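Open the model in your viewer and switch to cartoon.

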Amino acid sequence: MTAVADVSSNTTDNRRTPAPAVLIATLSTVGVVVSLMQTLVIPIIPSLPAYLNTSASNAAWVVTATLLAGAVSTPISGRLGDMFGKRRVLFVNLGAMIAGSIIAALSTALVPAIVGRSLQGMAVGAIPLGISIIRDELPPEKVGAAMATISATLGVGGAIGMPFSAFIAQNADWHMLFWISAGLGLLCLVAVFVFVPESPVRTPGRFDFGGAVGLSIALLALLIGISKGADWGWGSASILSLFAVSVLVFLGWGAFELRQRSPLVDLRVSARPRVLFTNIASVAVGFALYGMSLTFPQLLMAPEATGYGFGLSMVQAGLAMAPGGIVMMLLSPVSARLSAARGPKFTLAIGSAVIGIGYLCALVMMNSVWQIALAGVIVAGGVGLAYAAMPALIMGAVPISETAAANGLNSLMRSIGTSTSAAVMSVVLANMTITLAGHSLPSRDGFHTAFLISVAAAVAAIVLTTLIPMGKKAKAEVSA
């Protein structure tokens with residue numbers, strides 16, 4: 001049963017109501033900073049084994065831990081925000097990021113680095129919380145554009161993270177990456193304290209600890225299996241066992257959630273076609289987004305002797321891809337206006353189509369840096385349109401008392417898409433190779449295959465979008 005929103009005594013005459021532009025700017029900045037954590041260490045991955053005195057396989061957990069922590073904490077943060085206050089949980093997210101950054105900055109061994117990166121990953125839940133705060137605080141005519149802007153920050157932070165991190169890593173000690181992260185997190189914490197009011201909307205009920213534990217176990221088993229499949233072997237007993245555990249726990253968790261009065265995830269609401277198909281489409285869009293993040297930089301940095309690479313440094317490749325992040329942010333208000341005029345379903349379909357066009361451009365234009373950069377901008381533009389439309393679809397299909405939890409679940413679906421993409425693209429590029437000077441490198445056909453898979457993901461997103469119901473029937477579901 002869906003709980004009824006409670007507008008508590010927090011609503012007082014002296015309750016702070018900042019200007020909409022200030023609130024949007026604050027929450028957008030938070031979104032960019034926390035999403036930047038996902039790509040923070042990519043430039044130093046080759047050096048991490050030496051930095052942490054460990055093997056390359058073990059060092060990979062420094063990246064994987066952030067992904068896993070973000071996936072687990074996002075839906076939990078959303079539910080806690082609905083129950084106890086979104087601003088309050090936002091403080092917890094940012095506090096975890098600051099603590100994690102400090103731990104990682106002080107680390108010279110694997111375990112503390114993984115702990116620090118896990119705490120950094122917990123901050124990703126700030127983005128769906130920010131979207132929900134916008135719905136609670138702004139007048140209706142401003143909500144669409146504001147939600148689109150904050151939603152786009154998930155891609156923007158990742159796009160600018162590579163050149164930002166690469167520049168620091170090449171000009172300073174690698175620990176500086178984490179000290180700067182801590183400083184950015186502290187600035188965001190202060191900004192939230194000063195400019196973001198606490199939402200008066202609450203969902204009464206007890207926190208579903210059983211649901212949180214079950215979801216965490218199922219997600220960890222699934223995502224570890226996806227992220228480590230290529231290293232451990234897709235047919236290995238370890239990977240097959242992880243997938244089996246994930247399926248069994250998900251089934252048990254679903255049965256458990258359906259019996260709860262205040263579930264962590266209201267599966268009855270999540271099963272509504274508008275929510276369900278939007279979330280599945282989010283997986284496909286997330287898959288297509290990460291395909292660009294993984295393949296384009298490798299293509300730009302491949303040696304010129306391969307016949308297709310351009311021999312760029314990490315900083316140069318990051319700068320070539322950075323315009324995509326800017327385009328994502330610039331297109332968010334366009335997405336809001338398009339959604340207002342034609343509906344968010346139309347915008348999601350258009351965004352998915354643009355993503356596919358971008359990858360087709362990459363497929364036929366691999367002759368110069370500017371062509372790859374242009375393809376990246378097109379893909380990023382499509383992601384910006386699609387990501388900005390998703391909150392509007394979700395918000396229109398769930399009660400106001402469940403906005404943070406519903407947005408958290410949607411963000412989780414995007415994370416599952418990016419995780420799956422990382423696994424699939426890694427397998428493709430690792431198995432379609434050429435040998436150059438004794439080194440194995442992805443082949444031209446490998447990149448072409450990766451682009452075609454991403455096109456297929458974009459087409460899948462379009463098909464799923466056409467299945468999203470709109471109009472009177474969908475509105476009736478919300479009030480049911």
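Helices (H or I, at least four residues) and strands (E, at least two) are DSSP runs, numbered from the N terminus. This is a predicted model: local features need pLDDT of at least 70, side-chain atom pairs count only at pLDDT 80 or more, and totals for chains, interfaces and linings use all residues. Residues are numbered from 1 along each chain as its sequence is written, and side-chain values use heavy atoms, with hydrogens and water left out.

Select helix α11, residues 237-258. Its 22 residues reach 32 Å from first C-alpha to last, close to the 32 Å expected at 1.5 Å a residue (1.5 Å times one less than the number of residues). Now color Ile239, Leu242, Ser246, Trp253, Gly254 and Glu257: they are buried (under 20% relative accessible area; exposed is over 50%, partly exposed in between; 1.4 Å probe, protein chains only). Seen down the axis of α11, the buried residues fall within an arc of 100°, so they line one face. The arc is that of the directions from the helix axis to the C-beta atoms. These buried residues pack against α10 (209-232) and α12 (267-270). Turn to the face away from them for exposed Ala237, Leu248 and Leu251.

Next, pick Thr278 in helix α13 (residues 273-301). Thr278 is buried, at a relative accessible area of 0%. Leaving out residues up to four places away in sequence, Thr278 touches Pro273, Met390, Leu393, Ile394, Asn410 and Ile468 (heavy atoms within 4.5 Å).

Last, go to β3 (433-436) and β4 (439-442), antiparallel over four bridges (pairing needs at least two DSSP bridges). Ile434 has Leu441 in β4 as its bridge partner. Two residues separate the strands of this hairpin, where Ala437 takes a positive phi near 55°.
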